[in-house]
Amino acid sequence: MDTGIIALIGRSFIAICDELGSLFIFLGEALKTAVTTRLNVAQFFIHMKRIGVDSFIIIFLTGLSAGLALALQTNIGFSRFGIEEFIGTVVALGMTRELGPVLTGLMVTGRAGSAIAAEIGTMRITEQIDALKTLCINPFQYLIVPRLIAGIIILPFLTIFSMLCGIIGGYLYCVYQLNLNPESYISGIQQFVEMKDITGGLIKASCFGFIMTWVGTYQGYQTVGGARGVGISTTRSVVLASILILIANYFLSAFLNQVGIS
Amino acid sequence: MIEIRNLRKTFDGVRWITDNLNINIPDGQMTCIIGRSGEGKSVFLKQILGLIKPTSGTILIDGVDVTKLNEQELQQEIFKKCGYVFQFAALLDSLNVLENVGITLLQRGEPMEKIKPIVEEKLSLVNLVPSEILSKYPSELSGGMRKRVGFARTLMTNPSIILYDEPTTGLDPITARVVHELMYKMQQQFHITSIVISHDVEIFKYVDNIALLYEGKIKFFGEAKTIWESDNPYIYQFIRGLADGPIQVEVAHQPEF
């Protein structure tokens, strides 16, 4: 066998292990700081706004579009069996259990996760992080922990909003496009959607918020080089966080289903 | 006293940025480190403060070995008494001048009414008019002003040691002179031990000692007032900007004329 290929596989494996190792060391440091130091409340609220409030428009648009599309696609199948009154149930279940949290996680990763990586990356290459250290300010306390906690807390709120927008989108399609009875749409949701469907979605959203801020802050913090380095960190943060969110979504769904939360 | 012994640093295992470097920085004096661009002067300076870990060697600041300290110990033992003036000031973009200079106190939860007069005092020390710039953001300041704001921020911790990373790079000669005089004034007023990295020969008028870094080692260390009479071949070549001498000029390719 070609030793070049073996060497390439070996190098890639070592690189992946190295990256994973530093990702978890970074997380360990962040968790230690979160437990042992006071939360920077001002920074926490700034990032609640940046990650959450500033994302409302895109969450509204994606949630609404997802609800409309889901209702349209469901109608294609359900109309063949004459069970259109269940479209509302499917839209609501789809939005609360899967689409709401996943779409929110991915969209916020694209918008806020990339901004986090770019901002911290720029701070790294312009020596602002070193400056914080020399001023006796713990960069993890000032930069990392407030973003992590803000992400974990704000994502469920955005997800509730996304779920609502999706359900409203489905309602608009069913009532105004298909001329279905609005009461049957709503009663279907009331009858079949349980609290645990929503709870499960919100737990997943919180985990996605954690993944998004963890990867974004890590990639920014590890930035090397100049503007190109910031670009690479930003891209890597979006790609890695998106992949991790999609993988975590499966395992979280299975786990929550197993323990009966979702 | 800052004592550096057998300091070695490599990033790639091939090229040694500092190579068995030895130097003593006298207390209460200003020592200037000169050397070619890309020689590793900034890396050397950051190693002194523990911002970059050396590969081997010891750095003693008042008897404490910086190389043995973790992040928390560095904060307790080193950063409280050492200040660092960054090459491009490293002001936080998202904060205005008041918040940038007062950030240490802000993080301790001190009220703004208490912080503001202290910030104003430090800004006045660096010849800035507080009322004109307190609410400005770094992007609204000129290069010289940014450096002075960075300087004021360093003074907030009342350091006994200050490290300056090319404090006058990119400044016009008049502003550079203002910065040099400011450094000199701080030195005289507070007896701060200072290490300055600079390419500007004008700084020789203001510093006590000069050290030349070449190929990872200190090739010359002497008093600034006699520098122009020195017959050390390295310093002779460097301060006169001569092409011939022991210092090799790095040329990637021969230009065609």
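Start by selecting the place where the two chains meet: 15 residues of chain B are in contact with ten residues of chain A, contact meaning that the C-beta atoms of two residues, placed from the backbone, lie within 7 Å. Keep in mind that this is a predicted model, in which local features need pLDDT of at least 70, side-chain atom pairs count only at pLDDT 80 or more, and totals for chains, interfaces and linings use all residues. To find your way, note that residues are numbered from 1 along each chain as its sequence is written, while chains are lettered from A and ligands numbered from 1 in the order in which they are written.

**The side facing chain A**

Now colour α2 (71-79), β6 (82-85) and α4 (103-107) of chain B, the elements that give two or more residues to the side touching chain A. Helices (H or I, at least four residues) and strands (E, at least two) are DSSP runs, numbered from the N terminus. The largest share, three residues, comes from α4(B). By class, this side of chain B has nine nonpolar, five polar and one charged residues. Here Ala, Val, Leu, Ile, Met, Phe, Trp, Tyr, Cys and Pro count as nonpolar, Asp, Glu, Lys and Arg as charged, and the others, Gly among them, as polar.

**Strand β6**

Stay with β6(B) and show its residues. C82(B) and Y84(B) on one side, and G83(B) and V85(B) on the other, are all buried (20 or more other C-beta atoms within 10 Å of a residue's own, with C-beta atoms placed from the backbone). Opposite Y84(B) you will find L163(B) in β7(B).

**The open sheet**

Which order do the four strands of the open sheet in chain B follow? Reading across, the order is β2-β1-β4-β5, with antiparallel pairing. β2 (16-25) and β5 (64-65) of chain B stand at the edges with a single partner strand each, so one side of each has no neighbour in the sheet. E3(B) has L60(B) as its bridge partner in β4(B).

**Two domains**

Finally, colour chain B by its automatic or database domain assignment: domain 1 (2-81 + 159-240) and domain 2 (93-143 + 151-157). Their C-alpha centres lie 26 Å apart. Domain 1 of chain B gives seven residues to the contact and domain 2 of chain B gives six.

Key: Pairing = 2+ DSSP bridges. Buried ≥ 20, exposed ≤ 12 C-beta atoms within 10 Å, placed from the backbone.
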